[in-house]
Amino acid sequence: MSGQQVINGLFLGGIYALFALGYTLVFGVLDILNLAHAAVFMLAAFVALTLVSAAHANLLVALPVAVVFAGLLGLVLERIAFRPLRGRSDSNISGLISSLAMAAIFEAIAHEIWGPNTARFPFDTLPDQQLQILGGVVSRLQLTIIGVSLGMFLVLWWLVQRTRLGREIRAVAESPRAARVLGVNVDRAIAWAFFISSALGGAAGVLFALSFNSVSPDMGRGVELKGLAVIILGGMGSMTGAVVAGFALGLTEVLVVSHLGGSYRDAVSFAALFLILVLRPRGLFGAPSLREA
Amino acid sequence: MRFPVRSFLAALAALAFAGPALAQQTVRIGAALSMTGPAAAYGANQKTGILAAIDEVNGSGALKGVKLEAVIEDDASTKEQGIAVFQKLINQSKVAAIIGPTLSNTAFATNPLAQAAKVPVVAVSNTAPKGITDIGDSIWRVSLTEGQVIPGALKTLQAKLGFKKAAVLYGNDDAFTKAGYDVMKAALADLKIQVLGEQTFAKPDRDYNAQLTSLLGTKPDILVVSALIENASGIVAQARQLGWKGPIFGGNGFNNPVLMKNAGPAAEGVYVGTAWNRASTDEANTKFLALMKSRGVDPDQFCAQAYTGVLVIAEAIKQAGTKGGRDDVKAGFAKVKGLATPLGKFSFLPNRDGDHTPAIQVVKDGKFQILQ
Amino acid sequence: MESLAELYSTYQSTLAYVGLNALLALSVYATLSCGQLALSSAGFAAIGAYAASILTLNFHVAFPFALLAAVVLPMIVAVPLGLPVLRIRGVFLAIATVAFGEVVRLGLVNWDYVNGAQGLVAIPQKTEVWMVYVAVALALLLFARLRGSKWGFALEAIREDEPAARTMGIHTTVYKLAMLVVGAALAGLAGALEAHFSFMVAPNGFAFGRVVDMLVFAVVGGTVAYYGPVVGAAFLTILPEALRVIAPLLGIEPGPLRALVNGVVLLLVILFLPNGIVSLPSRLAARRKARSAAA
């Protein structure tokens with residue numbers, strides 16, 4: 001695989017990792033698949049776009065605003081679609097469906113406000129530069145994305161492993177009941193988890209929109225299933241897993257494309273996903289499940 | 001209260017003078033468009049074209065005593081709703097003709113219904129080579145198939161640029177782009193151009209770096225792409241970013257001002273083999289562009305073809321003696337010859353497919369220009 | 001009389017799709033009834049649709065035999081799929097079956113024999129509305145019979161608490177696999193009937209979104225009763241057509257409104273009517289009773 005393809009794989013992997021980091025956080029904490037993650041990803045991109053193009057804001061302002069907005073959307077999601085379902089016996093199915101409902105509502109709103117067409121950030125949003133590395137061409141923006149995914153991972157790791165909030169979130173992930181007994185404010189911990197998760201998703205959305213110069217109400221479609229594959233491969237709830245699997249999937253897809261052709265790209269991802277679920281459901285870094293079916 | 005005799009007489013007088021105007025017949029034209037779902041962007045553009053054309057025809061008074069009315073329904077880009085919409089338009093709204101549906105796949109499911117009910121259908125964006133007009137004599141087509149556009153365009157381009165080796169990239173999960181690819185492949189073979197590599201992508205994809213790197217590594221003379229606009233801009237931008245300075249050739253999906261808007265300077269030197277020559281100086285085209293501009297729309301090919309669809313129906317009604325029944329419209333279609341439309345001089349072929357001169361455009365200085 | 005005939009021809013396809021969607025919803029319900037969230041129905045519907053269509057188009061097989069193939073082939077595929085996959089718990093099972101569906105779809109997109117993305121066209125229209133409803137009736141009969149039987153109790157037990165059921169000696173794998181096979185048969189049948197109703201079949205009709213729709217039909221209708229999915233399918237299939245009539249009266253575009261209404265209805269049902277529409281009468285009755293008791 002040529003140097004350029006390695007760069008392509010790392011860049012694609014960075015996108016996947018960023019998307020999956022937020023995804024896996026909620027999955028790990030609540031054992032619920034938040035299918036609205038891709039919609040938050042998309043709305044954050046639109047908010048950043050509107051700030052930059054209509055309000056002429058600088059990207060350095062628009063990006064954090066969009067990320068915080070995404071975090072707040074996460075809080076809304078948690079309050080409306082997930083909290084009322086906690087404690088229900090079929091909470092993983094009902095949670096899946098309510099997140100689906102929210103995703104449909106978010107997409108409909110985006111379609112109404114911004115229309116179905118694909119938009120892009122104005123050309124001077126981020127001055128770009130091509131660099132020659134490893135015998136291939138990479139843009140400064142692409143390097144930024146790879147850097148940001150790794151950076152976000154480190155920040156998140158520090159947050160979850162070294163802060164009190166992180167400890168609380170981990171306790172809730174382990175057992176909400178035990179956590180409550182130990183004095184953890186479970187509602188607050190879960191809300192924070194959603195805020196962080198959605199903020200990460202929002203960051204992924206804005207960076208994705210910048211890298212591919214493409215913002216549309218259905219922009220999440222291409223990543224949502226791949227993101228799922230990444231968190232399963234990496235292991236539910238594992239941040240290290242999300243990052244490692246994200247980059248691994250990106251590199252693998254590029255390898256498949258260069259040797260077998262684009263037609264096999266998605267099929268290989270889904271086949272790998274299927275095999276992992278059958279052979280080792282906990283993924284590469286996931287903890288062995290204590291509760292069996 | 002006393003009977004208001006004076007006002008009554010005045011009203012009667014007004015009615016008498018207005019008499020002829022009241023003898024107006026309203027002819028309903030149905031449109032089954034994808035306003036939501038994956039094809040929503042195209043459906044929206046088609047709608048603006050249809051509404052503009054109807055206003056234009058009604059305003060010009062070309063059809064004496066006939067007023068056109070649009071009944072536009074959303075098929076959600078699915079065949080299930082496409083069928084429901086067609087049945088509503090045929091049985092409830094009692095339209096004289098149906099424009100659409102947006103997607104060829106939907107058309108395969110809906111057009112047999114119109115054929116059975118003897119309702120004329122004007123396909124304005126279906127480019128599948130088979131299975132549209134062959135459904136029956138009620139199905140007519142304005143949009144040229146890829147087979148009518150691509151081979152000629154590639155031949156002209158080859159004569160001009162002299163390329164011998166090509167690399168091909170196409171969307172294989174969409175009927176529109178797959179049909180385009182089939183035609184491109186055959187045309188390249190006919191021109192004895194060697195295809196060094198082929199790659200595919202899926203419509204939701206936004207990253208084409210892996211495919212492009214692989215293709216450009218084979219060192220082709222030209223990159224041939226069959227894609228819809230949401231992928232086309234990204235493909236062009238990424239190809240240029242990877243260092244490709246050579247020519248890029250695209251099909252109908254590229255014929256959209258969004259290409260320049262989203263790909264920016266990367267779009268320079270992109271050739272588009274297309275049904276609609278945007279840069280045409282024909283009066284019908286300049287009038288269309290001005291009309292759409294006054295409505296705040298920068299039209300794309302879908303818009304132009306939908307607009308033409310209405311013009312063709314209006315002409316058919318005129319040719320049928322300004323009669324707006326379903327059979328009248330069908331009979332009128334056969335008489336449409338050399339109609340001035342934004343697409344050029346339009347006629348129907350004996351097999352009911354559309355016929356007008358296609359074009360090859362090049363992006364130069366941020367605008368589509370006719371290839372000299 | 002004239003307007004009744006007119007009404008029928010306008011809404012005939014909606015009627016057909018209510019039945020087809022009911023079959024698909026029941027196919028998801030089959031595994032939900034024993035607590036398994038299997039989202040493989042889109043893949044099985046694709047297999048059934050394509051198998052039947054290839055047989056009628058290329059081999060001129062009589063429609064009943066094509067339908068038979070559409071039922072049997074997915075059942076055969078369901079076994080090697082189910083054995084490894086039904087061991088996986090909860091949401092992971094859902095994901096694995098979604099992956100299966102995507103692999104089927106991508107296989108069809110890349111298979112030249114069936115024209116890839118363009119699909120098979122000019123399929124003879126052999127399906128009539130009554131056939132669809134006969135199929136629905138048979139499916140309902142099957143589930144009704146299961147209800148009070150030993151089989152039904154086993155499914156109920158597995159749904160409630162699978163480890164406990166296993167401890168009680170119930171062969172959970174056999175039951176779960178059997179329901180997956182039943183679901184596959186229903187989905188395959190629905191796929192074949194639809195292909196022969198709408199003249200064509202293409203891979204993009206069997207994407208992830210489709211199986212999610214089926215799940216939504218089942219859940220909105222209610223999975224507490226075997227007829228719940230049918231109610232859900234009817235409600236959600238008729239809703240867009242009802243909105244098409246209502247929206248213009250309110251001055252709104254029906255298309256975007258439909259997408260919004262679908263999401264809102266789904267949310268409201270999940271939050272406030274967790275057992276679906278079919279639980280509404282009993283919930284209202286309980287409320288009335290509580291109110292009169294308090295009075």
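Accessible areas here come from the Shrake-Rupley method with a 1.4 Å probe, and for residues only the protein chains shown count as cover. This is a predicted model, in which local features need pLDDT of at least 70 and side-chain atom pairs count only at pLDDT 80 or more, while totals for chains, interfaces and linings use all residues. Residues are numbered from 1 along each chain as its sequence is written, and chains are lettered from A.

For chain C, the accessible surface comes to about 12,200 Å², and carbon and sulfur atoms hold 69% of that area. Of the 295 residues in chain C, 57% are buried, meaning that their relative accessible area is under 20% (1.4 Å probe, protein chains only).

Turning to the fold, chain C contains 12 helices and zero strands, where helices are DSSP runs of H or I with at least four residues and strands are runs of E with at least two. The radius of gyration of chain C, at 20 Å, is close to the 19 Å given by the globule rule for 295 residues, so the chain is as compact as a globular protein of that length; the radius is taken over C-alpha atoms, and the rule is 2.2 Å times the number of residues to the power 0.38.

At the boundary with chain B, 32 residues of chain C are in contact with 29 residues of chain B, contact being heavy atoms within 4.5 Å. The two chains bury about 2,600 Å² between them, with 50% of it on carbon and sulfur atoms, this buried area being the accessible area (1.4 Å probe) that two parts lose on being put together, summed over both. On the chain C side, C:T10, C:Q118 and C:R244 lose the most area to chain B, together 24% of what that side buries.

Conventions. Side-chain values use heavy atoms; hydrogens and water are left out. Buried means under 20% relative accessible area, exposed over 50%, partly exposed in between (1.4 Å probe, protein chains only).
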